[in-house]
Amino acid sequence: MLTRALALALPITMITGFPPAPDIAPAHPASATVPASLPSVEVVGTFAAYRPGSTAITYDPAVVPAGATAKLSITRTGYGTDVAVTLTGLTAGRMYGAHLHVGACAADPEAAGPHYQNHRDPVTPSVNPVYANPGNEVWLDFTTDAAGSATATVSHGWDFRADAPPHALVLHAEHTHTAPGEAGKAGARVACLTVPSR
């Protein structure tokens with residue numbers, strides 16, 4: 001009986017060797033609303049010849065006809081970034097390369113600059129597969145169906161830098177090459193969709 005009374009009187013620390021667990025409030029009170037996902041960006045454009053202020057430009061109407069459309073979605077998931085593009089009105093049964101680029105679209109196709117890279121290649125242009133690869137860049141290559149439509153999606157475990165996000169989706173004339181010395185190349189820039197600042 002004395003042993004039982006002593007045991008009841010001893011602090012939990014002495015019995016178990018561990019202090020009692022602290023009283024921690026939940027990270028989100030029951031009344032708080034926790035967003036399902038972080039903010040996203042979506043841009044829709046109809047390709048046409050360049051005009052000042054154009055959102056969607058075709059540089060080669062034989063490959064990206066005027067009137068073709070693109071919808072680009074960039075979603076931060078909390079675990080990284082999802083990027084999706086849906087296109088209509090393109091040349092049927094054709095392969096295209098597509099990447100996010102650092103500059104905005106303009107009259108000159110080269111104005112969109114190089115591909116966006118999570119880890120930047122110190123050498124420009126970047127053709128080293130260590131940097132120019134689908135894990136470090138956003139590649140959305142696709143082949144259109146018989147109606148000239150396509151979708152492409154990619155997910156990365158990283159988010160875009162706030163100080164230098166991508167500003168354009170560029171469509172290329174070929175699927176993206178991967179060999180050393182030509183990694184990341186995909187032929188001529190045939191169209192461009194400007195991505196608004198986030």
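This is a predicted model: local features need pLDDT of at least 70, side-chain atom pairs count only at pLDDT 80 or more; totals for chains, interfaces and linings use all residues.
I started at strand S2, which pairs with strand S9 (residues 189-194) in the antiparallel sense over 3 bridges. Pairing here requires that DSSP finds at least two bridges between two strands. Strands themselves are DSSP runs (E, at least two residues), numbered from the N terminus. Within this pair, I found Thr58 opposite Ala191 in S9.

Residues are numbered from 1 along each chain as its sequence is written, and side-chain values use heavy atoms, with hydrogens and water left out.

**First sheet**

I then looked up the sheet around S2: 5 strands form an open, antiparallel sheet in the order S2-S9-S8-S5-S6. S2 (56-58) and S6 (142-143) stand at the edges with a single partner strand each, so one side of each has no neighbour in the sheet.

Next came S5. I counted 5 bridges from S5 to strand S8 (residues 168-172), running antiparallel, with Gly97 opposite His172 in S8. Towards S6, S5 has 2 bridges, also antiparallel, and Met95 sits opposite Thr143 there. Because 6 of the 7 residues of S5 are buried, that strand is largely enclosed by the rest of the structure. Buried means under 20% relative accessible area, exposed over 50%, and partly exposed in between (1.4 Å probe, protein chains only).

**His101**

Is His101 buried or exposed? I find it buried, with a relative accessible area of 0%. His101 belongs to S5 (residues 95-101). Its side chain makes a polar contact of 3.4 Å with the side chain of His172. Such a contact is a pair of N or O atoms within 3.5 Å; within protein, one must be able to donate a hydrogen and the other to accept it, and residues adjacent in sequence count only if both atoms are side-chain atoms. Leaving aside neighbours within four places in sequence, I also listed contacts (heavy atoms within 4.5 Å) of His101, including Tyr116, His167 and Arg189.

I followed S4 (residues 81-88) to S7 across 7 antiparallel bridges. Val83 has Val154 as its bridge partner in S7, and Thr86 stands opposite Thr151. On the other pairing, 8 antiparallel bridges join S3 to S4, and Ala70 faces Leu87 in S4. The hairpin of S3 and S4 has 4 residues between the strands, and Gly78 in it takes a positive phi near 95°.

Which residues make up the covered face of S4? They are Thr81, Val83, Val85 and Leu87, while Asp82, Ala84, Thr86 and Thr88 form the uncovered one.
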